[in-house]
Amino acid sequence: MAGSFETVGVVGLGTMGAGIAECFARAGIAVIGVEAGPEALTRGRGHLEDSTGRAVAKGRLSEAERSEILGRVTLTVSLEDLADADLVIEAVPEVMDFKRALFTDLDRICKPSAVLATNTSSLSVTEIAATTGRPGRVIGMHFFNPAPVMRLVEVIHTLITDDGLAGEVADLARRLGKTPVTVGDRAGFVVNRLLLPYLNHAAVLLENGVATRDGIDTAMRLGAGLPMGPFALLDLIGLDTSYEVLSVLFRESHDRRHAAAPILRERVAAGLLGRKSGGGFHRASEPVAPTADEPSACLVAVLGEGGDAFAARLSAAGLKSVPVEDAEVVVALSSVPVVELAPGLPHPERLVGLHLVGDQVAEVASTALTGPEVARAAEGLVRLVGLVPVPCRDRAEFVVDALLYPYLNDAVRMYDSGYATRDDIDTAMRLGCGYQTGPFEKLDELGLETVRDGLRALYAEYREPFLAPAPLLEQLVAAGVRSFRDLP
Ligand code: 3HC
């Protein structure tokens, strides 16, 4: 019967496949999990047992419920066991040749009414569908890592998907307690098309020495309020998967934004793939970072917009500011590079920029002239007022805004292209990546003009076409529109 998915096959029981199998089993659906050989099958069983075991340990699941869930999953090394499945979803490595071969087999083995779904991160669902004799019954069903936790499922239909099938699969996603967002077949769909260029951009900033790995992770977690920093997230997703997604995006766009940073390619080549290989950007065996220096006091002068408020915070912490000529450190509060102030100072090497981001982080920007001891002293001042310092170079939009604004720009371009609605894009980013707000909500919160100006500054500095404000953003600001909510 159309839409009744009572037995589901999952092919590939790596982290994602096992997580997907768990989602179905938790929803009371019988699952047949298939792996290539006995060893991989044992690993897949291990993923399922560990994940549900953790849930029991946390009191989220009783032992009896866990047994029921595991009891719904049959494990096999034979694809032939999928003959009666109502839907089969594959989560095998992102190699088109593997997918094609698998879908050819599934098409032969599965009953004609069965739906064949792919959890591909970015490959063309249309191309996969075309390898089968039932292209209308092939669809994308894209889960997010960790699958049992993230609430989004992207449902990808192609030009040749049977009418109504996307709706049935979206209903199935709801049955799993997920929220579906249904879109057409474009490289990266919604989330990966917005997320991966941002992660890649973080790698470019690291490679260019704008800030350190931990600085960037901290800035995005505490400053931008994201659940994980970009390097921790790259390690979770897998550097190889991330590299593959970027390669697919690049093949479609030929946009430098999608050209994987060499630092990413290098790690993939070295087998540093992330959590699954014991380390990527972060290493499992890495010693814990040494604790930060004690907050330190010094003679400080404070300049710039918001400088009085910062001086008052220092004063409350017991440190009175002094005139510029007496200062060991000159702190210029600024959201733009501060180096232009340097020539007017008696000691240009004592200047640092300070950009407060949210209420927990301050980016501490060193110019080409700033002395390292001055930068360290400024970090100490930041700690003195209870903020976390993120040392960085004095570059346009520093760290958080340099990463956030191009991502928001990409979201505006995506909406303007007609690929997805603003609501769908916001929902996808909130539920797929655990963000507190989607990009359009974020644009409204920050102000369209602020983001437009930040993008102009980034473009002026780097001259990369992708940093130029999206035409729609320029138009809205020119028309005096303050919020995307004001649009029809
Ligand atoms: N498997 C199962 N459950 C897990 C898990 C895992 N691997 N990791 C965490 N959880 C569960 C925990 O058990 C806990 O559940 P509980 O509340 O019922 O006890 C819950 O998730 C929260 O976990 P923690 O408290 O340990 O950790 P955090 O609060 O730090 O949250 C996180 C962890 C959910 C991973 C959070 O950091 C997050 O949302 N990160 C963003 C992840 C993200 O962006 N994913 C999308 C990546 S893109 C993608 O997958 C697409 C692909 O195509 C590339």
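This is a predicted model: local features need pLDDT of at least 70, side-chain atom pairs count only at pLDDT 80 or more; totals for chains, interfaces and linings use all residues.
**Ligand shell and domain layout**

Residues are numbered from 1 along each chain as its sequence is written, and side-chain values use heavy atoms, with hydrogens and water left out.

**Ligand surroundings**

- Among the 21 residues around the ligand, those that come nearest are K58, R60, S121, H142 and N145; a residue counts as near if one of its heavy atoms lies within 4 Å.
- By class, the shell holds twelve nonpolar, six polar and three charged residues (nonpolar: Ala, Val, Leu, Ile, Met, Phe, Trp, Tyr, Cys and Pro; charged: Asp, Glu, Lys and Arg; polar: the others, Gly among them).
- Domain 1 (2-183) and domain 2 (196-289 + 400-483) each supply at least three residues to the shell.

- N145 places a backbone N or O atom 2.7 Å from a nitrogen atom of the ligand.
- K58 has a polar side-chain atom 3.4 Å from an oxygen atom of the ligand.
- For N192, a polar side-chain atom lies 3.0 Å from an oxygen atom of the ligand.
- The ligand taken alone exposes 1,000 Å², of which the protein buries 68% (accessible areas by the Shrake-Rupley method with a 1.4 Å probe).
- Elements giving two or more residues to the shell are α2 (38-57), α7 (191-207), α9 (230-237) and α15 (422-433).

**Domains and annotation**

- The chain is divided into domain 1 (2-183), domain 2 (196-289 + 400-483) and domain 3 (304-393), with bounds from an automatic or database domain assignment.
- The centres of domain 1 and domain 3, taken over C-alpha atoms, are 52 Å apart.
- An unreviewed UniProt entry annotates residues 188-282 and 398-480 as "domain: 3-hydroxyacyl-CoA dehydrogenase C-terminal"; such annotations may be inferred rather than shown by experiment.
- Residues 188-282 are 62% helix and 0% strand, with end C-alpha atoms 25 Å apart.
- Residues 398-480 are 72% helix and 0% strand, with end C-alpha atoms 27 Å apart.

**Whole chain**

- The chain has 18 helices and 13 strands, assigned as DSSP runs (helices: H or I, at least four residues; strands: E, at least two) and numbered from the N terminus.
- Its radius of gyration is 25 Å, close to the 23 Å that the globule rule gives for 488 residues, so the chain is as compact as a globular protein of that length (radius over C-alpha atoms; rule: 2.2 Å times the number of residues to the power 0.38).
- Along the principal axes, the C-alpha atoms fill a box of roughly 80 × 50 × 40 Å.

How values were computed. A polar contact is a pair of N or O atoms within 3.5 Å; within protein, one must be able to donate a hydrogen and the other to accept it, and residues adjacent in sequence count only if both atoms are side-chain atoms.
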